[in-house]
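Me: I would like to go through a protein model step by step. Please show it, and then I will ask my questions.

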Amino acid sequence: MRFLLIDDEENLVNALRAVLREKQYVCDVALDGEEGLDLARAGIYDLLIVDVMLPRLSGFELVRTLREDGDKTPILLLTARAAEDDRVTGLDCGADDYLVKPFGVNELMARIRALTRRVGDLRGTDHIAVGDYSLDLIQRRVAYRGDLLELTQREFQLMELFMRNAGRILAKDTLFDRVWGFDNDVDSNVVEAYVHILRKKLDAQRKRLAGENVGTTIQTVRGMGYLFKGM
């Protein structure tokens, strides 16, 4: 599973990231609310762990904005504010659980396990459907009108990201961070190459099944990024 940790306390962030990686979770980090909101909107996370007191955008505001957008990703709020009113505010904003600092690792992991058990129900993450495309996250398969498409691991990750953000322009940097972010040996230009390969595979399959007069599935938006239409 992939988590997003949004907290500006770097010592805590480093400690939590180490614990989560030890438990075999992938953990991305944002150090302020606006960056956290941008990353969360990519729609690729199974759980958000969000501090309340954040620079630029509070945890309460971040959670409220995501819920207003229709995002159902489970959210665990972390805060040093233990007052009942603060807990109520956090839950009313749309958070699923609330953990007061300082906390023990065992309690944190118990809360995470409880929330992630509901991920499939909350987000429908086992399957994603956009237009005639379907993506199975358990068997790692993509199909167009029931016809399976052979993809590499990176191509599958790109496809998942595009399908979760269908109709939304994704910047090249966003694609690189979400798919290759932990690989420091890879140049960001790899995105263009992989998008080109994925687009070619998608368009060839659609042309074969839907006829010659079909447009491209992944459009390049000059100066902005890429747009998946999922036709």
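Reply: One definition first: angles under 35 degrees count as roughly parallel, over 145 as roughly antiparallel, 65 to 115 as roughly perpendicular and the rest as oblique. Keep in mind that this is a predicted model.

Me: Which residues of helix 8 meet helix 7?
Reply: Helix 7 passes helix 8 in a right-handed crossing. By class, the contact has six nonpolar, one polar and two charged residues. From helix 7 come R154, Q157, L158, L161 and F162. In helix 8 they meet L175, R178, V179 and W180.

Me: How do helix 7 and helix 9 lie to each other?
Reply: Helix 9 spans residues 190–210. The axes of helix 7 and helix 9 come within 10 Å and cross at roughly 80°. The class for angles of 65 to 115 applies. Helix 7 and helix 9 are therefore roughly perpendicular.

Me: How many charged residues are in the contact of helix 7 with helix 9?
Reply: Helix 7 brings R154, E155, L158, M159 and F162 to this contact. Helix 9 brings Y194, V195, I197, L198, K201 and L202. By class, the contact of helix 7 with helix 9 has eight nonpolar residues, no polar ones, and charged residues numbering three.

Me: How do helix 2 and helix 3 lie to each other?
Reply: Helix 2 runs over residues 33–40, and helix 3 over residues 59–68. They pack with their axes 10 Å apart, at an angle of about 25°. The cut-off here is 35 degrees. Helix 2 and helix 3 are therefore roughly parallel.

Me: How many polar residues are in the contact of helix 2 with helix 3?
Reply: Helix 2 passes helix 3 in a right-handed crossing. G33, G36, L37 and A40 in helix 2 meet L62, T65 and L66 in helix 3. Sorted by class, the contact of helix 2 with helix 3 has four nonpolar residues, no charged ones, and polar residues numbering three.

Me: How many disulfides does the structure hold?
Reply: A disulfide is a covalent bond between the sulfur atoms of two cysteines. C27 is buried, at a relative accessible area of 1%. C93 is buried too, at 7%. The number of disulfides in the structure is zero.

Me: Is R87 buried or partly exposed?
Reply: R87 is found in helix 4, residues 84–93. Its C-alpha lies 6.6 Å from that of Y98, which is 11 residues away in sequence. The relative accessible area of R87 is 32%. Buried would need under 20%, so R87 is partly exposed.

Me: Is D92 buried or exposed?
Reply: D92 also lies in helix 4. D92 and V63 are 29 residues apart in sequence, and their C-alpha atoms are 9.7 Å apart. The relative accessibility of D92 is 65%. The cut-off is over 50%, so D92 counts as exposed.

Me: Which residue does a cis peptide bond join to K101?
Reply: Most residues other than glycine have a negative phi, and most peptide bonds are trans. Here omega is about -10°. The cis bond joins K101 to P102.

Me: What is the phi of R56?
Reply: R56 lies in the loop between strand 3 (47–51) and helix 3. R56 is exposed, with a relative accessible area of 59%. It is not a glycine, yet its phi is positive, at about 75°.

Me: What is the phi of R145?
Reply: Look in the loop between strand 8 (141–144) and strand 9 (147–149) for R145. R145 is exposed, with a relative accessible area of 51%. R145 is not a glycine, and its phi is positive, at about 55°.

Me: What percentage of the residues in the protein chain is buried?
Reply: The protein chain has nine helices and 12 strands. Among its contacts between residues at least 6 apart in sequence, 58% join residues at least 24 apart. Of the 231 residues in the protein chain, the buried ones make up 46%.

Key. Residues are numbered from 1 along each chain as its sequence is written. This is a predicted model: local features need pLDDT of at least 70, side-chain atom pairs count only at pLDDT 80 or more; totals for chains, interfaces and linings use all residues. Side-chain values use heavy atoms; hydrogens and water are left out. A disulfide is a pair of cysteine sulfur atoms within 2.5 Å. Buried means under 20% relative accessible area, exposed over 50%, partly exposed in between (1.4 Å probe, protein chains only). A crossing is left-handed if the near helix is turned anticlockwise from the far one by less than a right angle, and right-handed if clockwise. Helices (H or I, at least four residues) and strands (E, at least two) are DSSP runs, numbered from the N terminus. Contact means heavy atoms within 4.5 Å. Ala, Val, Leu, Ile, Met, Phe, Trp, Tyr, Cys and Pro count as nonpolar, Asp, Glu, Lys and Arg as charged, and the others, Gly among them, as polar. Axes are lines fitted to C-alpha atoms, for helices over the stretch in contact, and angles run from 0 to 180 degrees between N-to-C directions.
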